[in-house]
Amino acid sequence: RNVSYTYTNDNDDDHFTVGPVNFTFRSNEIVFITGGNGSGKTTLAKLITGLYKIESGEMLLNGEVVDQLTLGEYFSNVFSDYHLFDRLYGINHQQKKMEIKKYLKLLGIDHKVSITDGKFSTTDLSSGQKKRLALLVSYLEDKPIFLFDECAADQDPEFKKYFYHDLLQNLRSTQKCIIAITHDDHYFHVADK
């Protein structure tokens with residue numbers, strides 16, 4: 001509600017403000033955030049997920065005002081500037097062996113990567129494959145809200161179609177809230193908003 005954030009440059013009077021933004025995201029819904037380069041999409045995403053502290057306004061979760069740390073616990077994110085660790089952190093990989101196998105296959109990287117004792121066999125992958133591995137980690141976290149920042153941008157056309165038509169739809173069918181930043185106007189019809 002009325003969320004805003006301002007970047008300022010210490011060297012001069014330059015500043016860029018995102019907001020005020022008023023929006024409601026819901027479970028079982030796919031929302032696309034679109035706009036030109038530099039328009040504030042990723043800044044908005046980092047505000048929504050609690051990575052940036054809002055300057056004004058408030059964030060609510062199920063009608064209750066929450067702080068940024070609490071908000072962040074509800075999100076699984078893959079940002080365009082993501083970092084891929086060499087292992088799974090905070091995920092009980094022993095209990096998720098079948099899921100890991102399933103998602104490696106669904107993401108088309110089972111022939112490149114395996115996971116043993118929570119550690120990836122390799123992260124020496126193409127940028128598209130690394131992003132798919134980051135998607136795997138996101139799925140395994142299994143949070144109620146997923147945020148994807150240009151996740152299909154550097155993917156081949158087949159995987160891009162699979163991402164929008166299958167992966168996002170499957171997440172929605174499990175009552176997840178999905179927020180995706182995208183320039184893929186060929187897939188805008190997939191979004192509810």
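Where is His93 found? His93 sits in the loop between E6 and H3. Here helices (H or I, at least four residues) and strands (E, at least two) are DSSP runs, numbered from the N terminus. Before going further, please keep in mind that this is a predicted model, in which local features need pLDDT of at least 70, side-chain atom pairs count only at pLDDT 80 or more, and totals for chains, interfaces and linings use all residues. Residues are numbered from 1 along each chain as its sequence is written, and side-chain values use heavy atoms, with hydrogens and water left out.

His93 is buried, at a relative accessible area of 19%; buried means under 20% relative accessible area, exposed over 50%, and partly exposed in between (1.4 Å probe, protein chains only). Leaving out residues up to four places away in sequence, His93 touches Leu88, Ile100, Asp117 and Gly118, where contact means heavy atoms within 4.5 Å. His93 and Gly118 are 25 residues apart in sequence, yet their C-alpha atoms are 5.7 Å apart in space.

Lys160 belongs to helix H5 and also counts as buried, with 17% relative accessibility. Beyond residues up to four places away in sequence, Lys160 touches Ala152, Ala153, Gln155, Asp184 and Tyr187.

**The sheet and its helices**

Four strands make an open sheet in the order E3-E10-E9-E6, with parallel pairing; two strands pair if DSSP finds at least two bridges between them. At the edges are strand E3 (29-33) and strand E6 (75-78), each of which pairs on one side only. From one strand to the next, the twist averages 15°. Axes are lines fitted to C-alpha atoms, for helices over the stretch in contact, and angles run from 0 to 180 degrees between N-to-C directions.

| Pair | Sense and bridges | A facing pair of residues |
|---|---|---|
| E6 and E9 | parallel, four bridges | Phe75 with Ile145 |

Phe146 also has a place opposite a residue of E10, namely Ile178. Five of the five residues of E9 are buried, so this strand is largely enclosed by the rest of the structure. Both of its faces are covered: Ile145, Leu147 and Asp149 are buried on one side, and Phe146 and Phe148 on the other.

Helix H4 (residues 127-141) lies across E6 and E9 and runs at about 180° to E6. Helix H5 (residues 157-173) packs on the sheet as well, touching E3, E9 and E10, and its direction makes about 130° with that of E3.

**Nonpolar cores**

Which residues have the most contacts inside the largest nonpolar core? They are Leu107, Leu133, Leu135, Phe148 and Phe163, in a core of 38 residues. A nonpolar core is a set of buried Ala, Val, Leu, Ile, Met, Phe, Trp, Tyr and Cys residues joined through side-chain atoms within 4.5 Å. E3, helix H3 (97-106), H4, E9, H5 and E10 each supply at least two residues of this core. Leaving aside neighbours within four places in sequence, Leu107 is in contact with Arg132, Leu135, Leu136, Tyr139, Phe159 and Leu167. Another core, of 19 residues, lies apart from the largest one and includes Tyr5, Phe79, Ile145 and Cys177.

**Helix H1**

Seven of the eight residues of H1 are buried, so this helix is largely enclosed by the rest of the structure. The buried residues include Lys41 and Lys46 along with Leu44 and Leu47. After H1 comes Gly50, with a positive phi near 85°.

The largest pocket has a volume of about 720 Å³. On a 1 Å grid over the protein atoms alone, a pocket is an open set with protein on both sides within 12 Å along at least five of seven lines, a cavity is a set of points where a 1.4 Å probe fits but cannot get out, and lining residues have an atom within 4 Å of a point. Grid points are joined across faces, edges and corners, and a volume is the space filled by probe spheres set on the points. Of the 27 residues lining the largest pocket, Phe23, Thr24, Phe25, Arg26 and Leu60 are the closest to its centre.

The largest cavity holds about 30 Å³ of space. Its lining includes Phe148, Phe163 and Ala180, and H5 and E10 each supply at least two lining residues.
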